[in-house]
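User: I'm new to reading protein models. Could you walk me through a few features, starting with what the words for surface exposure stand for?

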Amino acid sequence: MKILLSIIAACITSIAYGQPAFPGFLQGTWKTENRDTYEHWDKLNESSLKGFAYKLVDGKIRVTEYLEIGLKKQDVVYTATLADQNQGEGVDFKLVAAEGTWTFVNPVHDFPQKIVYRELSANEIFVEVSDGAGKGFSYKMIRQYVPDTTSANPAFDAALAGRLGGDDYGMKSYFLVILKTGSNTTAERELITNSFRGHLDNISRLVEENKLVVAGPLGKNELQYRGIFILHNIPSEEEARALLLTDPAIKNGLLDYELFSWYGSAALPEYLPASEKIWKLKP
């Protein structure tokens, strides 16, 4: 019995570590108590939130900060980007405490070093922004119930939107891959031929598995960029990188890549059935 309980406990621990806690409760619009400042969050998938902070000035929205929470490797990371600070680069804060009090820290940043979202109820949160040593500011935010405005789009198709996995704006999260010349400068013709044949076969496989939605070459350029992929239905950057290594040309160093998170129309994959009906020669 002790052995069985140990095995069960190990399995539970494995599952817990394999699926890090995620603050999905933030989805929606939140207003700071007694102030016209807000945060709005959209849930892109089970491990990704994208949002922005804004204030109302003369009845108009003025965005003050772009926000994102997502997985980077095995960590849940909160990224804040201010257009007029840090040359537009985001600052990352790692989640170190969850479930009720969500604490994100970056001990090497000047200010803030610590951002905390505390769930007070289903409709209230308390936010603390500090240097990690007690100096900072805090405020309460209240969930705003925005009326359903889908009727504003007379062509809205709820079934289609649900099937494509789009958010309220008809958008979803993808990974954009820029392929570029790799570090392997071999002249071994058999390796080159087999690698690029495998590259094309791998593209077809990923399309069939519903993981690749766009692929194609770029024109000649000084940056040695060779082509692009757009990956979808991939939950994390780590999984996207592992997927790219199934391409023989990348694995053998003939191609390298740069990887970016991209937010685009959820309808993008809809062109694929038509694409199968318009080619005469298969590469």
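Analyst: Buried stands for under 20% relative accessible area, exposed for over 50%, and partly exposed for anything in between, using a 1.4 Å probe and protein chains only. Take glutamate 270: its relative accessibility is 36%, so it counts as partly exposed. Two notes before we go on. This is a predicted model, where local features need pLDDT of at least 70 and side-chain atom pairs count only at pLDDT 80 or more, while totals for chains, interfaces and linings use all residues. Residues are numbered from 1 along each chain as its sequence is written, and side-chain values use heavy atoms, with hydrogens and water left out.

User: What does glutamate 270 form a salt bridge with?

Analyst: A salt bridge is a side-chain nitrogen of Lys or Arg within 4 Å of a carboxyl oxygen of Asp or Glu. Here the partner is arginine 163, at 3.3 Å from N to O. Arginine 163 sits in helix H2 (residues 158-164) and glutamate 270 in the loop between S14 and helix H6 (272-275), so the pair ties together parts 107 residues apart in sequence. Helices (H or I, at least four residues) and strands (E, at least two) are DSSP runs, numbered from the N terminus. Arginine 163 has a relative accessible area of 56%, so it is exposed.

User: How many salt bridges does a search of the whole structure find?

Analyst: It finds 13. Another one joins arginine 118 and glutamate 128, with the closest N and O atoms 2.6 Å apart. Arginine 118 is in strand S8 (residues 114-121) and glutamate 128 in strand S9 (residues 124-130).

User: And how do I read a sheet? In which order do the four strands of the open sheet come?

Analyst: Two strands pair if DSSP finds at least two bridges between them. In this open sheet the order is S12-S13-S11-S14, with antiparallel pairing. Strands S12 (212-217) and S14 (255-265) each have a single partner, so one side of each lacks a neighbour in the sheet. S11 (residues 171-181) and S14 share eleven bridges; in one of these strands, S14, glutamate 258 is the bridge partner of isoleucine 178.

User: What about aromatic pairs? How are phenylalanine 25 and tryptophan 102 arranged?

Analyst: Rings of Phe, Tyr and Trp (its six-membered ring) pair if their centres lie within 6.5 Å; planes under 30 degrees apart are stacked, over 60 edge-to-face, and the rest tilted. That pair is tilted, at 6.0 Å centre to centre with 40° between the planes. Both phenylalanine 25 and tryptophan 102 are buried.
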